[in-house]
Amino acid sequence: MIRVLAAFFLIGTFAVTYPAAALAQDTSQTETQADAPTDTQSDTPDEASSESPIQTPADVPIEVAPADADSFEKLAQRAEDLARNDDASLFAISRLRAELVGWRDRFLAQTNVNAGRIATVDAQIAALGAVPENGEEAPAIAARRAALIAQRNALVAPRVLAQESYVRANGLIGEFDTMSLQQQTDELSVRGPSPLNPVHIGAAVTALWQLFDVVGAEIMAGFNVRLANGGLSRDLPRVLLLLVLGIGLLSVGRGMVTRWRTTLLSRHGPWRPMGVFVASLIQIVVPLLGLLALTEALKALDIFGLRGGDMLDAVPMAGSFVIFGWWLSRLVFPLGDMPGYLGYDAQTRAAGRRASSALAWVMATGTFIGAGLLTLDLSEGAIAAFEWPFLVVLGILFWRLGRVIRTKPEQREDTVVSAGRLRNLIGRFATVVAIVAPSIAAFGYIAAGIAILGPSIISVALVGLLFMLQQIVGEMTQPAGNDEDARGLQALLPVMVSFVLYVVSLPFFALIWGARVDDLTEIWARFREGFSIGETRISPTDFLTFAIVFAVGYLLTRFIQGSLRRSVLPRTRLDLGGQNAIVAGFGYVGIMLAAILAITTAGIDLSNLAIVAGALSVGIGFGLQNIVSNFVSGIILLIERPVSEGDWIEVGNQMGYVRSISVRSTRIETFDRTDVIIPNADLVSGQVTNWTRGNLIGRVIVPVGVAYGTDTEKVAEILRGIAEAHPQVVTTPPPAVMFIGFGADSLDFEIRAILRDVNYVIVTRSEMNHAIAKAFAEEGIEIPFAQRDIWLRNPEVLKDATTP
């Protein structure tokens, strides 16, 4: 396949370049004679160099060329006169606007001239100090201060003048944009002749017949002339080569690329979607090249007249509609058993392909015939009668396409189907536009109907293309094995790419719906202009510089933090809490330094915000005092480290392990496996019990009671043996058994022992209780429970009450 396409390419290159080379050889002598010096030309280099080149407004500095100020004044005066003219043409407005845009960009660049010198002079004035309150200072200092102030005023003057000129040019551009928008609106809102008038219909049919008659006559006349002078036979080889190339690319080349794409669809791999899409793009490129070759072949015949030439020039555009419609319809509504990204059944997909292809052919036909009618002197009624049938046919086909889009997808287990909310909205939009556009055109608003229906069809096509690109990105970033639990950048990449696609498509949608290139450039100019804070102008370049420098500083900070955590700090004698404190503190300092460095590099002067910041500080202090208190407490926790990550602490009625210490709060994981967020201020100002601060050694207390009459020495011996036998109990100091006292129901004892790891205090207590119960049962020692004896003072009263 590649060899065949290469052969087509070589044939096309030869067919295109051979006539150009021959023409260049024929005209080489003429050009040589034209380049030779004549009597009227000067041979003296000095005379030629003495002529000054023509300078454009952007080539001359504004502050040193008074003549340019006069040029801009004349241009601005012409623009103001044109702005007062209500009948100004769009052509004149566009020309003046383009010149004003050049001047405005130049003035915008000049608003920051002498910035370095002004900063130096300001520093010199500040070094002289403030003027004394009594107004008397040394004559030398006063003279120097006056000279510096005069120098600063002279340096600021070009900036002020540039700012004034910028405002004037920008205002005139805005007036021109308003005038252009008003004229476009007036054109759409003007009601013309009705296309249903039989008189206009007859004129349209007559004009169409006249067009084909004239084109046929022109072709026959041109053919006879070319045949008579021998030009047809001379260009016939080139024509045949281009015809072979065009037909081959349209038929054989397109078929080969289609088979190649089908082969790629059967393969597997992460790059398969991209390969399929590239093959699909080649499916467009190959037929377009063939169409251009056929058009060039017909032009090489040189038998077409004025109207035929106009129609021939429209062939590439008309053919592009057909090729793109055919290509996109097979992407959105694919052939075969696969339902595609939208998940339609086979019948719905077939209906979608037919409607899309028919729309493309109708638009191509209208473009082709309309190019020929432009040269005819037709009335508005005849033009409306010619365009309205195309609108009706397009409306019917667009309505059918909208119904297809609104069809519910076919649910399949092996295919991910897109959500149906957007497709339902697009389908409703298509059906409504398909009815409204031909209807308003029937009442004479033919321009409004065309302005609604045409962009709607192209917009739906663009949305379909965006869907396909989104599908390709989703398939390429899908993890292996269809792991739906994948997280991180790979999972966010489809969302980010889709967002970028939608943002990039906005200018195309704007152009489709009638926006001018000047409108888009104006939006970009406003974006580049930025906004002003005091005397500082902040532009998107400043934001980009800030983002890049801050991102680099942030990444460098995280890299150093990782190195400290993994390589440096583990080799020191610091405990885990101290290591975490150093890492966290370095992170805060690094981020603050990165922000300061980014602001300084971007040239953002925050001194003008000092007054505003001072006014807001009072309100912020009252509103955010708790947050500030917690922030300061977090810093204290990191410095003093009374609590570290992994400690077992008790705060109020909450007990658990410290899992993380942030700037504002500390997260504790309780023994119920729940997270409790505690403000740092409570840890600093409140009472906190840290069970594992410094070491893991802690004490366990196991209370137990025995019945009265039990041998206390024997009980103590049994309890001491149980404590000493437990593996968590240390021998130094040895465990102690305390006879606490005589309780209401029992003799009370306690085991008090030091554990190696206090984290196991509950488990140790439970194990000791099991051992105590077993040992007491073997020795016959009773563990009493609460008993109460009830004494009745006068039982005879109860006895008398029960007798009859």
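Axes here are lines fitted to C-alpha atoms, and their angles run from 0 to 180 degrees between N-to-C directions. I am working from a predicted model.

**Entry 1: helices H11 and H13**

I looked up how H11 (residues 306-313) meets H13 (residues 346-373). Their axes come within 8 Å and cross at roughly 150°. Angles over 145 degrees count as roughly antiparallel, so H11 is roughly antiparallel to H13. I also noted the hand: H11 passes H13 in a right-handed crossing. Next I listed the residues that make the contact. H11 supplies Arg-307, Asp-310 and Met-311, and H13 supplies Phe-368, Ala-371 and Gly-372.

**Entry 2: Asn-680**

I then went to Asn-680, which I found in helix H23 (residues 680-685). Is Asn-680 buried or exposed? Asn-680 is buried, because its relative accessible area is 0% and the cut-off for buried is under 20%. I checked its side chain for a partner. The side chains of Asn-680 and Thr-666 are joined by a polar contact of 2.8 Å. Setting aside neighbours within four places in sequence, I found Asn-680 in contact with several residues, among them Asn-630, Ser-633, Leu-637, Ser-662 and Arg-664.

**Entry 3: Pro-784**

My last stop was Pro-784, in the loop between helix H25 (761-779) and helix H26 (795-802). What does Pro-784 touch, not counting residues up to four places away in sequence? I wrote down Gly-705, Val-706, Ala-707, Asp-745 and Ser-746. For Ala-707 I looked up the spacing as well. Pro-784 and Ala-707 are 77 residues apart along the chain, yet their C-alpha atoms are separated by 5.2 Å.

How values were computed. Residues numbered from 1 in each chain as written. Predicted model: local features only at pLDDT ≥ 70, side-chain atom pairs only at ≥ 80, totals over all residues. Heavy atoms only, no water. Helix = DSSP H or I, 4+ residues; strand = E, 2+ residues; numbered from the N terminus. Parallel < 35°, antiparallel > 145°, perpendicular 65-115°, else oblique. Left-handed = near helix turned anticlockwise from the far one by under 90°. Contact = heavy atoms within 4.5 Å. Buried < 20%, exposed > 50% of the residue type's maximum accessible area, 1.4 Å probe, protein only. Polar contact = N/O pair within 3.5 Å; in protein donor to acceptor, adjacent residues only side chain to side chain.
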